[in-house]
Amino acid sequence: MQKRGQVTVFIIIGIVILFAFAGIFYLVQQSTTKDIATRVGETPLTGDLRPQISLFVESCIENIAVPGIYLLGIQGGIIYPDDPTKLLITENSIINYGYLNGINQLSTKDMEEQLNRYMEESLPECLDFSSFEKQGIVVKEKSDLDMDTRIGQNEVVFSLNYDLELTDGEAEISVESFIRNVPLKLGNVVTEANSLIEKQKENPDQVVQASQLNYFTSFFPYDYTTYVYSISDDNSIIDGAPLTFMFAIDAKFNTAPELDYVSDQVLQKEQLFTYQLSGFDKENDLMTFSSDNSEFP
């Protein structure tokens, strides 16, 4: 019970930090959006409008994406907890199992899909084209938002298909795609998390450490069979907040059964020989004995 209490304290601290990050990012987002709108309002919208509309939309992409990546990290690769059976749910937090029931659950493809959904739902809050319209620029949305997220080792790339039509008097242009690279090394951190899981499987009773000095790793024993790891990357920081990835491990690893020692035997040719084999399994799973050697029936 003492360990669980300690873990709860650590998780509460983590949640407080997360909300602090969220508050900072919210203020930065609001401030940056206003700055963009102000710059657009001060700049005569003449000539080719593509660079200006691209600046506005792509800045919105980053403002929304950054807190989404941090939220995904602090919950172990998920934003939307659709399946509670695959999550460690405590009184104060939701953490994804990186390893559960013998299966590694950390999938960058799943994380990309989570970010796609998050971006498509949240991005409209930032896409306010009133600053353009005040200067006589009519902005028409010709398609819905279609986000394609790619998690790289050193950055997260957001590619948005979003067909916009801009009319300035008689001039008319269209912009269909936008792209923003967010310099957070999410792919590297997930790779490190998978490495920690493999090390934990090899040494179930030991606390494993990160492979690089720039990673700060914390270990919390939630109970006798569940561990929670937290990885913070000192080389992946925005506004003073290092990217943090938390995940749980179900430490009931299924190890291979072992055969008891078989001593050397001296046999006579063509004499029937029988020997009783025995073995053991740490998880007490049912064992069967078989051989693909043709010399043994």
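Visitor: Is E62 buried, partly exposed or exposed, and at what relative accessibility?
Guide: This is a predicted model, and the answer rests on values computed from it. Buried would need under 20% relative accessible area, and exposed would need over 50%. E62 falls in between, so E62 counts as partly exposed, at 22% relative accessibility.

Visitor: With which residue does E62 form a salt bridge?
Guide: Side chains of opposite charge can pair when their charged atoms come close. For E62, the closest N and O atoms of the pair are 2.8 Å apart, and a salt bridge needs a distance within 4 Å. The partner of E62 is R180.

Visitor: Which helix holds both R117 and E121?
Guide: R117 and E121 form a salt bridge, with the closest N and O atoms 3.3 Å apart. R117 is partly exposed at 35%, and E121 is partly exposed at 46%. The two residues are 4 residues apart, about one turn of the helix, and that helix is α3.

Visitor: What separates E198 and K201 in helix α5?
Guide: The side chains of E198 and K201 meet in a salt bridge, 3.5 Å from N to O. E198 counts as partly exposed at 37% relative accessibility, and K201 is partly exposed at 30%. Because they are 3 residues apart in helix α5 (residues 186-202), their separation is about one helical turn.

Visitor: Which residues do salt bridges that share partners join into one network?
Guide: The structure holds 6 salt bridges. The bridge between R117 and E121 was described above. Shared partners make one network of D82, R117 and E121.

Visitor: How many degrees lie between the ring planes of F56 and F132?
Guide: The structure holds 7 aromatic pairs. F56 and F132 form one of them, with 5.8 Å from centre to centre. Planes over 60 degrees apart count as edge-to-face, and this pair is edge-to-face at 80 degrees.

Visitor: Why is the pair of Y229 and F247 stacked?
Guide: Planes under 30 degrees apart count as stacked. The ring centres of Y229 and F247 are 5.8 Å apart. The pair is stacked because its planes stand at 20 degrees.

Visitor: Which residues form one aromatic cluster?
Guide: Y229, in strand β9 (residues 226-238), and F247, in strand β10 (residues 241-250), are 18 residues apart. Both Y229 and F247 are buried. They belong to a cluster whose members are F219, Y227, Y229, F245 and F247.

Visitor: What separation do the C-alpha atoms of E120 and D146 have?
Guide: E120 and D146 belong to a negative surface patch, together with E141 and D144. E120 lies in helix α3 (residues 108-122) and is partly exposed at 31%. E141 lies in strand β4 (residues 137-141) and is exposed at 53%. E120 and D146 are 26 residues apart along the chain, and their C-alpha atoms are separated by 6.9 Å.

Visitor: About how much accessible area does the nonpolar patch on the surface have?
Guide: The patch is formed by L259, V262, L267, F273, Y275 and L277. L267 sits in the loop between β11 (258-259) and β12 (279-280), and is exposed at 51%. Together, the patch residues have about 540 Å².

Visitor: Near what value is phi of N101?
Guide: N101 is in the loop between β2 (94-100) and β3 (103-104). N101 is exposed, with a relative accessible area of 62%. Its phi is positive, in a residue other than glycine, and is near 55 degrees.

Conventions
Residues are numbered from 1 along each chain as its sequence is written. This is a predicted model: local features need pLDDT of at least 70, side-chain atom pairs count only at pLDDT 80 or more; totals for chains, interfaces and linings use all residues. Side-chain values use heavy atoms; hydrogens and water are left out. Patches are made of residues with over 30% relative accessible area and no salt bridge: like charges are joined within 9 Å, nonpolar side chains (Val, Leu, Ile, Met, Phe, Trp, Tyr) within 5 Å. Accessible areas come from the Shrake-Rupley method with a 1.4 Å probe; for residues, only the protein chains shown count as cover. Lys and Arg count as positive and Asp and Glu as negative; His and the chain ends are not counted. The place of a charge is taken as NZ of Lys, CZ of Arg, CG of Asp or CD of Glu. Buried means under 20% relative accessible area, exposed over 50%, partly exposed in between (1.4 Å probe, protein chains only). Rings of Phe, Tyr and Trp (its six-membered ring) pair if their centres lie within 6.5 Å; planes under 30 degrees apart count as stacked, over 60 as edge-to-face and the rest as tilted.
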